[in-house]
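Subject: A structure for you to look at

Hi,

Here is the structure I promised to pass on to you. Please open it next to this email and follow along as you read.

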Amino acid sequence: TFSLALSGVPAGQMAVYPTTIPAEAPSYQIAWSIDAYTQLDLGTTTAGTQISVWYRPGEQAAATTGTQHLVAAFDWMEKTLGPYRFGGHYGSVSVNWPAGAYGGMEHHPYSHIASSAIGDEETNVHEAAHGWFGDGIRIACWEDFVLSEGTVSYLSAHVLGKVAGPTAEAAAWTEYKSELDDAVAEGGAPAWPTGCNQIDILKDNLFTNLPYMQGAFFYKDVATQIGADKLDKIIGDFYKAHKNQPAGMQDMIDAIKSGSGFDP
């Protein structure tokens with residue numbers, strides 16, 4: 001668990017950070033960002049979680065587009081997977097990362113989104129979903145990276161289908177297929193290596209798109225076999241059983257098998 005206080009924030013700028021992270025969280029979760037932010041409150045979920053976005057000058061249109069379904073997506077995850085454990089306020093924070101950086105980082109309760117991606121819905125929903133997997137459930141070993149990123153990549157596309165419609169979901173899977181093809185061509189460590197903390201996620205080339213995309217398509221194939229609604233329940237039950245604790249991909253494999261009778 002964490003508490004945080006900042007001093008020396010420049011005049012005319014805003015520091016966005018949580019003063020506390022009350023539930024157990026991975027060490028990479030804590031963060032802060034300082035910029036000339038405007039806070040836009042997007043709404044409140046059924047459970048009462050306030051959802052916001054913090055954008056930099058000139059980014060209002062992109063930030064509004066990229067978070068247009070964020071309240072509904074967060075609401076779906078709270079209802080389907082289980083209660084959010086990192087406080088009553090969540091949001092996306094646009095960050096001025098170096099040129100070429102894209103995507104986001106799951107610094108819940110205020111996820112950092114590269115300024116170049118703040119207008120991308122999938123990125124915003126992806127980082128939000130880490131409140132359940134990757135942050136909400138920590139990975140037991142670096143080899144279980146796919147339990148974080150593969151699960152969240154699947155959820156991002158799936159939840160967009162629920163709240164933004166089938167066209168949005170289809171677009172996400174089309175992009176995923178392109179990213180998967182590129183990742184396979186580039187190579188890297190297997191998406192789910194054997195062992196536990198026997199590898200270095202960077203030096204051994206696990207930090208590629210393979211765990212993200214092969215993981216997402218794994219769940220998509222399982223959903224085809226057992227039904228997406230049944231898989232939703234299994235993932236939700238898994239979260240409720242392991243929330244704020246570590247778990248491994250084998251645990252998820254076992255949960256799918258016991259919850260559906262299908263051996264993935």
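Below is what was found in it, beginning with the whole protein and ending with single residues.

Please keep in mind that this is a predicted model: local features need pLDDT of at least 70, side-chain atom pairs count only at pLDDT 80 or more, and totals for chains, interfaces and linings use all residues. Residues are numbered from 1 along each chain as its sequence is written, and side-chain values use heavy atoms, with hydrogens and water left out.

**The whole protein**

Buried means under 20% relative accessible area, exposed means over 50%, and partly exposed is in between (1.4 Å probe, protein chains only). Among contacts with a separation of 6 or more, 61% come from residues 24 or more positions apart, where a contact means heavy atoms within 4.5 Å.

**The disulfide**

How many disulfides does a search of the whole structure find? It finds one, and the partners are Cys141 and Cys196, with sulfur atoms 1.9 Å apart. The cut-off for a disulfide is a pair of cysteine sulfur atoms within 2.5 Å. The link of Cys141 and Cys196 is left-handed, with -85° about the S-S bond. Cys141 sits in the loop between strand E10 (138–139) and helix H4 (145–164), and Cys196 in the loop between helix H5 (166–186) and helix H6 (210–226), so the pair ties together parts that are 55 residues apart in sequence. Cys141 is buried, at 9% relative accessible area, whereas Cys196 is partly exposed, at 40%.

Look for Ala241 in helix H7 (residues 228–242). Is Ala241 buried or exposed? With a relative accessibility of 60%, Ala241 counts as exposed. Ala241 and Ile137 are 104 residues apart in sequence, but 9.6 Å apart in space, C-alpha to C-alpha.

Happy exploring!

How values were computed: Helices (H or I, at least four residues) and strands (E, at least two) are DSSP runs, numbered from the N terminus.
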